Amino acid sequence: MREYKAELWIDEYHRLAESPFYDPRYGRLSWVDILGGALHTLSGGERRTINLEEPIGAAVPLRDFDGFLVAGRKALWKVTADGREKIADLNGLYQPWQRCNDAKADPVGRLFFGSSAEDGSGEEGGNLYRYDQGRTAIVQPGTRIANGMAWSRDHTKFYFSDSNEHAVFVYDYDEKTGDISNRRVLFAVEDGVPDGLCIDAADRIWLAVWNGSRIECHDGASGACLAVVRVPALHTTSCCFVGPDYDTLFITSAGDGLEGETQGRLFTCRVDAVGLPPDYAVLG
């Protein structure tokens, strides 16, 4: 099994960094600090921070103009340089103790987003939702901590990590309708908790392992573990492929409640894999 070692990229503390994206249209990296309520971007050497003043689970770049669809605590927001606009109110979906946790756009531009308990316990349960042109539907009920998501290169499979189920699941995916079905366990995670993930051009899953200081690479068909990226941060949270050749992993972590100079920092690692361009969110 191949092993890699991640290197420190930005020596800056984040309470709970997540939702990394690379947008090749602008050469822009983005990520959020969930507990800090901040959306961070870096493009052409210019660093920006947008404070949303609430926990935000993810920020997904928009397809049709420069901006993001942000999964907030109780709403989905369109965020641009001009400000933010509420796209969907989620108060009717969430219990008082819940918030958004991670989100991705599918190949068509629908937003898949999940819920989590505010304290991250996952004990109360939640759901995985799909937002599509003003309508929100449950696509997977009974999740515990909804987390990483990705679609296969041929758009026939959907991958999803439910952290407190300690597993990554694979579903059949209908690109025309956005429906998912036939859930089965692709692989279980030991010595840590499955968190955010991304996929490469060979349909290999790159999964961040919370409380495991690593990224695991798994075959998207068999679930076999093929490689490990060692990360000097205990709570590794997510990753994505960045750069013009999509050959470098950008890795986020969480430092809340931890001590140490590398906890809650951001990392990179050159790997023997090529990622895919991101899917963008569409408002309608």
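Trainee: Which loop is Glu53 found in?
Mentor: Bear in mind that we're looking at a predicted model. Glu53 has a positive phi near 60°, though the residue isn't a glycine. As for its place in the chain, Glu53 sits in the loop between β6 and β7 (58–61).

Trainee: Is Glu53 buried or exposed?
Mentor: A residue has to be over 50% relative accessible area to count as exposed. Glu53 comes out at 76%, so the call is exposed.

Trainee: What is the phi of Asn211 near?
Mentor: Most residues other than glycine have a negative phi. Asn211, found in the loop between β20 and β21, is a residue other than glycine with a positive value. At 40% relative accessibility it counts as partly exposed. Its phi is near 65°.

Trainee: Over to the hairpins. In the hairpin of β5 and β6, which residue takes a positive phi?
Mentor: Strands β5 and β6 (residues 46–51) run antiparallel, joined by six bridges. His40 has Thr49 in β6 as its bridge partner. The hairpin leaves two residues between the strands, and the one with a positive phi, near 60°, is Gly44.

Trainee: How many residues lie between the strands in the hairpin of β4 and β5?
Mentor: β4 and β5 are also antiparallel, with six bridges joining them. Asp33 stands opposite Ala38 in β5. Gly37 takes a positive phi near 65° in this hairpin, and the number of residues between the strands is four.

Trainee: How many residues of strand β5 are buried?
Mentor: Strand β5 covers residues 38–43 and is mostly covered. Of its six residues, the buried ones number five.

Trainee: Which element gives the most to the largest nonpolar core?
Mentor: That core has 30 residues, and Trp206, Ile215, Val229, Leu249, Ile251 and Val271 have the most contacts inside it. Elements giving two or more residues to this core include β3 (17–23), β20 (204–210), β22 (225–230) and β24 (248–254). With four residues, the element that gives the most is β23.

Trainee: How many residues does the other core have?
Mentor: It lies apart from the largest one, and Ala58, Leu69, Leu76 and Ala105 are among its members. Its residue count is 18.

Trainee: And Val229, what does it touch?
Mentor: Val229 is one of the residues with the most contacts inside the largest nonpolar core. Not counting residues up to four places away in sequence, it touches Tyr4, Ala6, Trp206, Ser213, Arg214, Ile215, Leu249, Ile251, Cys269 and Val271.

Trainee: In which sense do β23 and β24 pair?
Mentor: Eight of the eight residues of β23 are buried. Ser238 stands opposite Thr252 in β24, and in the hairpin, with five residues between the strands, Gly243 takes a positive phi near 95°. The two strands pair over seven bridges, and the sense is antiparallel.

Trainee: Which residues lie nearest the centre of the largest pocket?
Mentor: This pocket holds about 410 Å³ of space. Its lining has 16 nonpolar, two polar and three charged residues, and β3, β11 (98–105), β15, β19 (193–199) and β23 each supply at least two of the lining residues. Of the 21 residues that line it, those nearest the centre are Ile199, Leu276, Pro277, Pro278 and Asp279.

Trainee: Last one: what is the relative accessible area of Gly148?
Mentor: Gly148 lies in strand β15 (residues 146–151). Beyond its neighbours within four places in sequence, Gly148 is in contact with Asp102, Tyr159, Phe160, Ser161, Asp195, Gly196 and Leu197. Thr236 is 88 residues away in sequence and 12 Å away in space, C-alpha to C-alpha. Gly148 counts as buried because its relative accessible area is 0%.

Key:
Residues numbered from 1 in each chain as written. Predicted model: local features only at pLDDT ≥ 70, side-chain atom pairs only at ≥ 80, totals over all residues. Heavy atoms only, no water. Buried < 20%, exposed > 50% of the residue type's maximum accessible area, 1.4 Å probe, protein only. Contact = heavy atoms within 4.5 Å. Core = buried A, V, L, I, M, F, W, Y, C linked by side-chain atoms within 4.5 Å. Pairing = 2+ DSSP bridges. 1 Å grid on protein atoms, 1.4 Å probe; cavity = no way out; pocket = protein on both sides within 12 Å on 5 of 7 lines; lining within 4 Å. Points joined across faces, edges and corners; volume = space filled by probe spheres on them. Nonpolar A, V, L, I, M, F, W, Y, C, P; charged D, E, K, R; others polar.
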